[in-house]
Amino acid sequence: MKRNIIITGGAGFIGSHVVRLFVNKYPDYHIFNVDKLTYAGNLANLKDIEDKPNYTFVKADICDFDTIFDLMQRQHIDGIIHLAAESHVDRSIKDPFTFAQTNVMGTLSLLQAAKLVWDGNYEGKRFYHISTDEVYGALEITDPEGIVPPFSTKASSGKHHLAYGKTFFTEDLKYQPHSPYSAAKASSDHFVRAFHDTYGLPTIVTNCSNNYGPYQFPEKLIPLFINNIRHRKPLPVYGKGENVRDWLYVVDHARAIDTIFHNGKIAETYNIGGFNEWKNIDIIKVVIATVDRLLGRPEGADLDLITYVTDRAGHDMRYAIDSTKLQRELGWEPSLQFEEGIELTVKWYLDNQEWMDNVTSGDYQKYYEQMYANR
Ligand code: NAD
Ligand code: TYD
């Protein structure tokens with residue numbers, strides 16, 4: 001079946017994996033990657049597919065309603081997979097306006113364009129909005145040593161398989177965002193639902209846990225630390241390093257997006273995650289051990305790079321996704337064990353130093369130095 005699909009934010013971390021998957025798996029679909037190319041967008045992430053006949057890059061801001069409307073009309077777009085966003089919590093603390101602009105107004109601009117172009121003819125149409133588990137707020141750590149969790153997936157089937165509390169994020173939980181990033185994402189989720197409830201727009205929302213893998217901009221924990229360890233630079237651990245995150249390999253997120261885009265029910269929300277909780281300090285130790293082993297350095301050689309710094313303002317304590325609904329209803333599950341995923345990830349960054357050098361040169365380097373100057 002032929003389809004014309006816009007993927008927004010396709011030059012970013014998760015978006016590039018989604019674009020790659022769709023372009024390769026569905027030769028009958030035409031994929032329009034709409035991306036503004038902010039500091040986080042990088043066409044080098046898509047070098048391997050840029051010449052495919054079913055792929056077109058469109059440099060545009062999602063807030064530019066006229067351009068989006070025109071593209072949708074001209075190209076007979078019947079599906080939107082919306083990932084473009086400002087995505088880094090630390091930046092949102094410094095500059096909340098940009099987050100409201102892109103994440104809220106940009107989403108609204110896409111929704112309005114879809115509503116006007118599709119004009120009530122919703123047969124076969126789909127507006128799929130990618131969101132985050134951070135909209136649910138933070139869970140408490142009630143079991144600091146960790147307990148055997150009630151669920152298990154391939155992602156969490158390694159040696160470390162712990163939960164740090166008995167409650168999890170389920171789809172029916174009230175939204176309680178804390179950071180400007182998650183507040184802006186929550187607001188965009190509300191707009192998406194409102195467009196379904198008010199105009200009948202065929203929407204789907206998914207909320208995913210922390211992703212890791214190749215092509216992630218190195219301001220996020222895992223790629224930042226891999227690069228710092230390689231260059232023997234300090235590893236800034238916020239607070240005591242006790243915060244808990246639930247990690248999913250990015251390709252498994254892209255696979256979930258594929259499943260949900262095709263088989264998910266309109267107006268539903270699905271949580272995506274692998275029941276794979278880690279304290280920051282534990283994951284940092286795994287990353288150090290993996291980098292050291294792959295670089296042939298002695299075991300534990302770089303543990304002394306760990307540097308405890310002032311905590312992030314409003315730092316959410318624990319995220320833990322319950323993805324039972326997605327697994328039961330649509331049969332998705334992670335394909336990789338966490339230990340395999342982290343090995344692939346570290347290896348990818350070490351093998352792609354040129355990519356890393358390109359994205360960390362210039363403006364980003366200045367931003368990073370400023371960011372940590374007063375911590
Ligand atoms: P990212 O920051 O790596 O990429 C964002 C992309 O959006 C970049 O290519 C950027 O150029 C583009 N973009 C930003 N503003 C734009 C605008 N105004 N117009 C057009 N393009 C614009 O982000 P990511 O980590 O790949 O996250 C993608 C989506 O997934 C986001 O919506 C994020 O909230 C969500 N999400 C991320 C995670 C995670 O762990 N990274 C987890 C759950 C959900
Ligand atoms: P991050 O990758 O920014 O993702 P998020 O804030 O969306 O979860 O951070 C993951 C965790 O790592 C989070 O608890 C904050 C912590 N962290 C550090 O301790 N030091 C750092 O330099 C960074 C970037 C994050």
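Which residue in S9 does Asn211 stand opposite? Asn211 stands opposite Leu248 in S9, and the sheet to which this pair belongs is taken up again below. This is a predicted model, in which local features need pLDDT of at least 70 and side-chain atom pairs count only at pLDDT 80 or more, while totals for chains, interfaces and linings use all residues. Residues are numbered from 1 along each chain as its sequence is written, chains are lettered from A and ligands numbered from 1 in the order in which they are written, and side-chain values use heavy atoms, with hydrogens and water left out.

**The two sheets**

An open sheet of 7 strands has the order S3-S2-S1-S4-S5-S6-S10 with parallel pairing; strands here are DSSP runs of E of at least two residues, helices are runs of H or I of at least four, both numbered from the N terminus, and two strands pair if DSSP finds at least two bridges between them. Strand S3 (55–59) and strand S10 (269–272) stand at the edges with a single partner strand each, so one side of each is left without a neighbour in the sheet. Neighbouring strands of this sheet are turned by 20° against each other on average, direction ignored. Within the sheet, strand S1 (residues 3–8) runs parallel to strand S2 (residues 29–35) and is joined to it by 6 bridges, and the bridge partner of Asn4 in S2 is His30.

Helix H2 (residues 65–74) packs on this sheet, touching S1, S2, S3 and strand S4 (79–82), and its direction makes about 175° with that of S2. Contact here means heavy atoms within 4.5 Å, and angles run from 0 to 180 degrees between N-to-C directions of axes fitted to C-alpha atoms, for helices over the stretch in contact. Helix H4 (residues 96–118) lies across S1, S4 and S5, running at about 165° to S5.

The sheet that holds Asn211 and Leu248 is open, with 3 strands in the order S7-S9-S11 and mixed pairing. Its edge strands are S7 and strand S11 (277–279), each of which pairs on one side only, and the twist averages 50° from one strand to the next. S7 and strand S9 (residues 244–249) run parallel and are joined by 3 bridges, whereas helix H8 (residues 280–294) lies across S9 and S11 at about 90° to S11.

**The two ligands**

Of the 28 residues around ligand 1, Ile14, Asp35, Ser87, Tyr181 and Lys185 come nearest, a residue being near if one of its heavy atoms lies within 4 Å. The table gives polar contacts, which are pairs of N or O atoms within 3.5 Å.

| Ligand atom | Protein atom | Distance |
|---|---|---|
| ligand 1, oxygen | Ile14, polar backbone atom | 2.8 Å |
| ligand 1, oxygen | Tyr181, side-chain N or O | 2.7 Å |
| ligand 2, oxygen | Glu134, polar side-chain atom | 2.6 Å |
| ligand 2, oxygen | Tyr238, polar backbone atom | 2.9 Å |
| ligand 2, oxygen | Asn280, polar side-chain atom | 2.9 Å |

Taken alone ligand 2 exposes 510 Å², of which the protein buries 97%; accessible areas come from the Shrake-Rupley method with a 1.4 Å probe. The elements giving two or more residues to the shell around ligand 2 are helix H6 (221–230) and strand S8 (235–238). For ligand 1, the largest share of the shell, 3 residues, comes from S5.

Notes
Polar contact = N/O pair within 3.5 Å; in protein donor to acceptor, adjacent residues only side chain to side chain.
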